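Student: Could we work through this model together, beginning with the overall fold and then moving down to single residues?

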Amino acid sequence: MFGIPGKSPVTLTPAAASQIVRLMTRDGRHGLRIGVKKGGCAGMEYTMEYVDEPDPHDEVVEQDGARVLIAPMAQMFLFGTEIDYETSLLEAGFRFNNPNVTDACGCGESIKFKDAEELRAEQER
């Protein structure tokens, strides 16, 4: 929908692809849908859910056996994002390295995207 021909809208690190494959296999799922919704202190939050049946408008990204579906309303916000999976002593989870984010809350759970004026200013440069 908002793609550039020949360019994947999101990319997965090997760790993220491996974790998504593990989740798909363990739970017998078709893939993992990624989206955004209003919420959190910065205004927006990422969403992730298992998918058994893809929506015809989802953007499908397949990489190293992993299948990620991008919800239609999230495609413009996620374009250019690298998804990683990190583990530490205290936590493990997916991390979104998104060039479209201008601000995030302290806990990292909510984000703010560039607004229309910022995007226009960037295009004029």
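What follows is a set of questions and answers about this predicted model.

Student: In what pattern do the helices and strands follow one another along the sequence?
Tutor: The secondary structure of the chain comes to 3 helices and 9 strands. Read along the sequence, these elements follow the pattern β-α-β-β-β-β-α-β-β-β-β-α.

Student: What is the order of the strands in the open sheet of 3 strands?
Tutor: Strand β1 (10-12) and strand β7 are the edge strands, since each pairs on one side only. Strand β6 (residues 81-87) pairs with β1 in the parallel sense over 3 bridges, and β6 pairs with β7 in the antiparallel sense over 6 bridges. The pairing in this open sheet is therefore mixed, and the order is β1-β6-β7.

Student: Which residue of β7 stands opposite Asp84?
Tutor: Strands β6 and β7 form a hairpin with 4 residues between them, and their pairing is antiparallel, over 6 bridges. In this pairing the residue of β7 that stands opposite Asp84 is Arg95.

Student: And which residue in β6 is the bridge partner of Thr11?
Tutor: Here the strands concerned are β1 and β6, which pair in the parallel sense over 3 bridges. The bridge partner of Thr11 in β6 is Glu82.

Student: At about what angle to β6 does helix α1 run?
Tutor: Helix α1 covers residues 14-27, and it lies across β1, β6 and β7. Its direction relative to β6 is given by an angle of about 75°.

Student: Is Gln19 buried or exposed?
Tutor: Gln19 is found in helix α1, and, not counting residues up to four places away in sequence, it touches Tyr85 and Phe94. Its relative accessibility is 12%, and because the cut-off for burial is under 20%, Gln19 counts as buried.

Student: Tyr85 and Phe94 also form an aromatic pair; why does their geometry count as edge-to-face?
Tutor: Tyr85 and Phe94 are both buried, and their ring centres lie 5.0 Å apart. Planes over 60 degrees apart count as edge-to-face, and the planes of these rings stand at 65°, so the pair is edge-to-face.

Student: What is the arrangement of the rings of Tyr46 and Phe96?
Tutor: The count comes to 2 aromatic pairs, and in this one the ring centres are 4.0 Å apart with planes at 10°. The pair links distant parts of the chain, with Tyr46 in strand β3 (residues 44-51) and Phe96 in strand β7 (residues 92-97), 50 residues apart. Both residues are buried, and because planes under 30 degrees apart count as stacked, the arrangement is stacked.

Student: Which residue stands opposite Tyr46 in the pairing of β2 with β3?
Tutor: Strand β2 (residues 31-38) is mostly covered, as 6 of its 8 residues are buried. It pairs with β3 in the antiparallel sense over 8 bridges, and it also pairs with strand β5 (residues 66-70) in the parallel sense over 3 bridges, where Ile34 stands opposite Ile70.

Student: Which element supplies the largest share of the largest nonpolar core?
Tutor: The largest nonpolar core has 24 residues, and those with the most contacts inside it are Leu12, Ile20, Leu78, Ile83 and Phe94. At least two residues of this core come from each of β1, α1, β2, β3, β5, β6 and β7. The largest share, 5 residues, comes from α1.

Student: Leaving aside neighbours within four places in sequence, with which residues is Leu12 in contact?
Tutor: Leu12 is one of the residues with the most contacts inside the largest nonpolar core. In general, nonpolar side chains tend to be buried together in soluble globular proteins. With those neighbours set aside, the residues in contact with Leu12 are Ala17, Ile20, Gln63, Ala66, Val68 and Ile83.

Note on methods
Residues are numbered from 1 along each chain as its sequence is written. This is a predicted model: local features need pLDDT of at least 70, side-chain atom pairs count only at pLDDT 80 or more; totals for chains, interfaces and linings use all residues. Side-chain values use heavy atoms; hydrogens and water are left out. Buried means under 20% relative accessible area, exposed over 50%, partly exposed in between (1.4 Å probe, protein chains only). Contact means heavy atoms within 4.5 Å. Rings of Phe, Tyr and Trp (its six-membered ring) pair if their centres lie within 6.5 Å; planes under 30 degrees apart count as stacked, over 60 as edge-to-face and the rest as tilted. Two strands pair if DSSP finds at least two bridges between them. Axes are lines fitted to C-alpha atoms, for helices over the stretch in contact, and angles run from 0 to 180 degrees between N-to-C directions. A nonpolar core is a set of buried Ala, Val, Leu, Ile, Met, Phe, Trp, Tyr and Cys residues joined through side-chain atoms within 4.5 Å.
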